Amino acid sequence: MKHSITRRRVLAAGAGLAAALAVPGWASETTVGLRRRAIPGSGARIPVIGLGSWLTFDAGSVPHRRDNVRAVMQAFFDRGGGMIDSSPMYSSAQEVIGAGLSKIDNNQGLISATKVWIPGRGTGIWQMESALKLWGLESFDLLYVHNLLDWETHLPWMREWQQQGKVSHIGVTTSHGRRHGELLDVMRKEKMDCVQFTYNILDREAERRLLPVAQERGLAVIINRPFRGGSLFRRVRNQVLPGWAADIGIENWAQYFLKFIVSHPAVTCAIPATSQVAHLHENMGALSGPLPDERMRQQMIRYYESL
Ligand SMILES: NC(=O)c1ccc[n+]([C@@H]2O[C@H](COP(=O)([O-])OP(=O)(O)OC[C@H]3O[C@@H](n4cnc5c(N)ncnc54)[C@H](OP(=O)(O)O)[C@@H]3O)[C@@H](O)[C@H]2O)c1
């Protein structure tokens, strides 16, 4: 399997180490004990908490804002993070990510994920060739069709890219409940590796059909809007965590929300976005320690909804 990450590791490492690093699922000393899940189609194992980039990474060319994104990315990799998710829709985010990657030296764990967001085959290919340049990569680990836009046109050339080693895994995304019917059709009929949609402690529609179908079809599931765009925090402002949250190593509300998501057996990775290093550290805490069982997951819903 040709991973951009695997290739970078091989280039960076000596021969013996390179062989070890090229094995999917390899983990450094600092990342041992952090929770990973396999992408069913390839077996590549990825950390269950990733990093979104909508709004938070749109730093444009403002130096202090770019420095801030770089600090968030650096902390993400320091904490054993892998997947960074972006899209041409997120304005300058891809360029800012590329600039960040070129300046930090701890990015060996990167799992690159972006999306095509334009109709038409030629324009789609052009957009993703540009994205590779913006990120400074030769290939992407995950490539999606953003919000299912012209997916019938894009999936065929994305499969060609897969054959050519320019992308490892392909799929589609949405964050809109009203698109779930169409998303289910695509998941059932099309050959792909991954799917991205919304699931959080309040938006649980995905439990009914999307998550079971993803499991049946052997699709990796990446979860967007894990904090409902940040609005989940409003209800818990000035609220203390319930005592039993400590039983599963939950230290803050961010971990409460994230552990709820990644404890679903069909979920591969959640991708919270943040512009703050302190928040990043809170979020990455959900990579380790116990997860709630089904009984506790129900208790978490009841407690949150009672606030
Ligand atoms: N259709 C699609 O493909 C699609 C659609 C939507 C989203 N996505 C992807 O999914 C990612 C995540 O979704 P999202 O950005 O919409 O929303 P989100 O991750 O649910 O929420 C992000 C918000 O949560 C806040 N936050 C993060 N960590 C926090 C913490 N520990 N404590 C308090 N607040 C915290 C952030 O503010 P601070 O900056 O202050 O931390 C930010 O405003 C996106 O960035 C994007 O990459 C994809």
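In which loop is the place of Leu 148? The first view goes there, and the rest of the set follows below.

**View 1. Leu 148 and Asp 150, in the loop between β5 and α6.** This is a predicted model, as are the other views here. Leu 148 has its place in the loop that runs between β5 (140-145) and α6 (151-163). Its phi is near 60°, a positive value in a residue other than glycine. Asp 150 is found in the loop between β5 and α6 too, and phi of Asp 150 is likewise a positive value near 60° in a non-glycine residue. Is Leu 148 buried or partly exposed? With 18 other C-beta atoms within 10 Å, Leu 148 comes out as partly exposed. Asp 150 also counts as partly exposed, with 18 C-beta neighbours inside 10 Å.

**View 2. Ile 118, in the loop between β4 and α5.** Here we're looking at the loop between β4 (111-116) and α5 (121-135), where Ile 118 sits. Ile 118 is partly exposed, having 17 other C-beta atoms within 10 Å. Skip the neighbours within four places in sequence, and Ile 118 is in contact with Thr 123, Gly 124 and Gln 127. Met 89 is 29 residues away from Ile 118 along the chain, and their C-alpha atoms are separated by 9.3 Å.

**View 3. Ala 220, a buried residue in strand β8.** Ala 220 belongs to β8, which covers residues 220-224. Why does Ala 220 count as buried? Because there are 25 C-beta neighbours inside 10 Å of Ala 220, and 20 or more is what it takes. Not counting residues up to four places away in sequence, Ala 220 touches Ile 39, Pro 40, His 169, Asp 193, Cys 194 and Thr 268. Among contacts in the protein between residues at least 6 apart in sequence, 77% join residues at least 24 apart.

**View 4. The packing of helix α3 on helix α4.** Helix α3 (residues 63-78) packs with helix α4 (residues 93-103) at an angle of about 65°, and the axes are 9 Å apart. The crossing of α3 past α4 is right-handed. On the α3 side you'll find Arg 66, Val 69, Arg 70 and Met 73, which meet Val 96, Ala 99, Gly 100 and Lys 103 in α4. Sorted by class, that contact has four nonpolar, one polar and three charged residues.

**View 5. The buried face of helix α10.** Which residues of α10 are buried? They are His 279, Leu 280, Asn 283 and Met 284. Looking down the axis of α10, its buried residues fall within an arc of 135°, so they line one face of the helix. An α-helix has 3.6 residues a turn, so residues three or four places apart point the same way. What do the buried residues of α10 pack against? Their partners are α3 and α9 (253-262).

**View 6. The shell around the ligand.** There are 30 residues around the ligand, and Gly 52, Trp 54, Asn 224, Gly 230 and Ala 273 come nearest. Which helix gives the most to this shell? That's α10 (residues 277-284), with three residues. By class, the shell has eight nonpolar, 17 polar and five charged residues.

Methods:
Residues numbered from 1 in each chain as written. Predicted model: local features only at pLDDT ≥ 70, side-chain atom pairs only at ≥ 80, totals over all residues. Axes fitted to C-alpha atoms, helices over the stretch in contact; angles between N-to-C directions. Helix = DSSP H or I, 4+ residues; strand = E, 2+ residues; numbered from the N terminus. Left-handed = near helix turned anticlockwise from the far one by under 90°. Contact = placed C-beta atoms within 7 Å. Nonpolar A, V, L, I, M, F, W, Y, C, P; charged D, E, K, R; others polar. Near = placed C-beta within 6 Å. Buried ≥ 20, exposed ≤ 12 C-beta atoms within 10 Å, placed from the backbone. Arc of directions from axis to C-beta.
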